[in-house]
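Subject: Handover of a model, with notes

Dear colleague,

I am passing on the model that we spoke about, and I would be glad if you could read the notes below alongside it.

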Amino acid sequence: MARRGKKKGRPISGWLVLDKPVGMGSTEAVSKIKWLFQAEKAGHAGTLDPLASGMLPIALGEATKTVPYVQDGAKVYRFTVAWGEERSTDDLEGPVTKSSDQRPAEADVLLLMPKYTGVIMQTPPQFSAIKIAGERAYDLARDGATVDIPAREVEIGRLDLIEHNPDRTIFEVECGKGTYVRSLARDMGRDLGCFGHIAELRRIEVEPFTQEDFVTIAELEAARFGEQGDERSDSADTVPVDFDAIDALLVDTSAALDCLPQIAISDDAATKIRLGNPVIIRGRDAPVEAEEACATARGKLVAIGAVEQGMFKPKRVFAG
C-alpha cells in the first residue's frame, strides 16, 4: 500500500482579512496568501469579482472549518452606479446592451430606494456563478446563451445614498448572503428609465470583520520578506525560521464564531471533546440547550457542537 504523502506547508491557522486589489481574482488571492504564509490549507469566504476591491476573508488551516459562518454573515459594499448604459455583465467588463440619454435626479433616486430595502426578490446577473441544469450561468452566457435565472429572495438591511451627480450615484448597502450588487444597479436603472451598471465596487465589511482588520498585499510582503521585497527565488519557497511578523497579521480562528454562544471548559473537558466525546458543562451562565455553540479552553477554540440537556456534544473539533 502506498504511503500518503506528507502535507506541504505549515499547519498555521487563522483568518487573513485581505484588502483585495482590483484585477486580482479570488482564487489567485487565496493562492498568493497560501504561498506567503507557506500554509498547508487555505480557502475564502465569499468570491469577490476581479473588477471589485476590498474585503476577501481568507481562512488558513483550522479556520477553513469556520468558513460557512463568515459566508452567512452580513456584508457592506460601497458602489458606484453609472447611469445611461446597461451592460451584459452589469458592470464595466461587458459590452453595452441598452442605452439612454435620460439621467435621474437625486430626488428620483431617493424616492426609489425604499423599494430596494428589506426582503426583496432579485434575479441574479446572466454572468453569475448560479448553476442552471448543472452548469454555471457565466459559462452559458459566454457561449452566447440567454438563460432563464429564477428570481430569489434576498435581504437588504440598509441602502444609503452617499453622493449623486447626473451621471453617477455612489451608494452604500448592507445586505445578506446571496445578494448581487450588480443586479441592484441593473434593476434601479431600469426602474428609473435610464439604465445603469456598476462602475466601481468595494466590499468594506464581512461580518464579523471590519475595515480595521484589513491587510494589504504590500503589508504582507513587507512582513514576509522585509527589505528583500517579494523574492520568488527557490530560497523564498523554503520555510524560514521566523514567521512571527506575518503570523501576527492573522485574526484568531474563533473570531468567526462570535455569533455562537461561547462555553468555557476545563483542559480535561477539552481533551475529551477533541476525542469526540460529549461532556457535561457547568456554570451559572452555561446554556442547557443550544443548536450550536462553541467550546473554548484558556481562550482557545476547541469545538463547535450542540448543547442538549446540559451536555456539550461536539460536531466539529479543532486541533489544539
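The notes go from the chain as a whole to its helices, its cysteines and a few single residues.

Please keep in mind that this is a predicted model, in which local features need pLDDT of at least 70 and side-chain atom pairs count only at pLDDT 80 or more, while totals for chains, interfaces and linings use all residues. Residues are numbered from 1 along each chain as its sequence is written, and side-chain values use heavy atoms, with hydrogens and water left out.

The chain as a whole

The chain has eight helices and 17 strands, where helices (H or I, at least four residues) and strands (E, at least two) are DSSP runs numbered from the N terminus. Of the 320 residues in the chain, 46% are buried; here buried means under 20% relative accessible area, exposed over 50%, and partly exposed in between, with a 1.4 Å probe and protein chains only. If one takes the contacts (heavy atoms within 4.5 Å) between residues at least 6 apart in sequence, 70% of them join residues at least 24 apart.

Helices α1 and α6

Helix α1, residues 26-37, packs with helix α6, residues 217-225, at an angle of about 20 degrees and with the two axes 10 Å apart; the axes are lines fitted to C-alpha atoms, for helices over the stretch in contact, and angles run from 0 to 180 degrees between N-to-C directions. That angle makes α1 roughly parallel to α6, given that angles under 35 degrees count as roughly parallel, over 145 as roughly antiparallel, 65 to 115 as roughly perpendicular and the rest as oblique. The crossing of the two helices is left-handed, a term used if the near helix is turned anticlockwise from the far one by less than a right angle, with right-handed used if clockwise. On the α1 side the residues that meet α6 are K32, I33, W35, L36 and F37, and their partners in α6 are I217, L220, E221, R224 and F225.

The buried residues of α6 are I217, L220, E221, R224 and F225. Seen down the axis of α6, they fall within an arc of 105 degrees, so they line one face of the helix; the arc is that of the directions from the helix axis to the C-beta atoms. These buried residues pack against β1 (14-20), α1 and α7 (244-247). Just after α6 comes G226, with a positive phi of about 65 degrees.

In the loop between β12 (196-206) and α6 one finds P208, and the peptide bond that leads from E207 to P208 is cis, with omega near 15 degrees.

Helix α8 and what follows

In helix α8, residues 267-274, the buried residues are A269, A270 and I273. Viewed down the axis of α8, these buried residues lie within an arc of 100 degrees, so they line one face of the helix. Their cover includes β14 (279-280), β15 (290-297), β16 (300-308) and β17 (311-317).

L275 sits in the loop between α8 and β14 and counts as exposed, at 66% relative accessibility. Its C-alpha atom is 8.5 Å from that of V317, although L275 and V317 are 42 residues apart along the chain. G276, which follows α8, has a positive phi near 90 degrees.

Cysteines

The structure holds zero disulfides, a disulfide being a pair of cysteine sulfur atoms within 2.5 Å. C259 is in no disulfide, and the nearest cysteine sulfur to its own, that of C294, is 8.4 Å away. C259 counts as exposed at 57% relative accessibility, whereas C294 is buried, with a relative accessible area of 0%.

Single residues in loops

Q38, in the loop between α1 and β2 (42-44), is not a glycine and yet has a positive phi of about 50 degrees; at 11% relative accessibility, Q38 counts as buried. Q309, in the loop between β16 and β17, is likewise a residue other than glycine with a positive phi, near 50 degrees, but Q309 counts as exposed at 72% relative accessibility.

Lastly, S88 lies in the loop between β5 (85-87) and β6 (96-99) and is partly exposed, with a relative accessible area of 21%.

With kind regards
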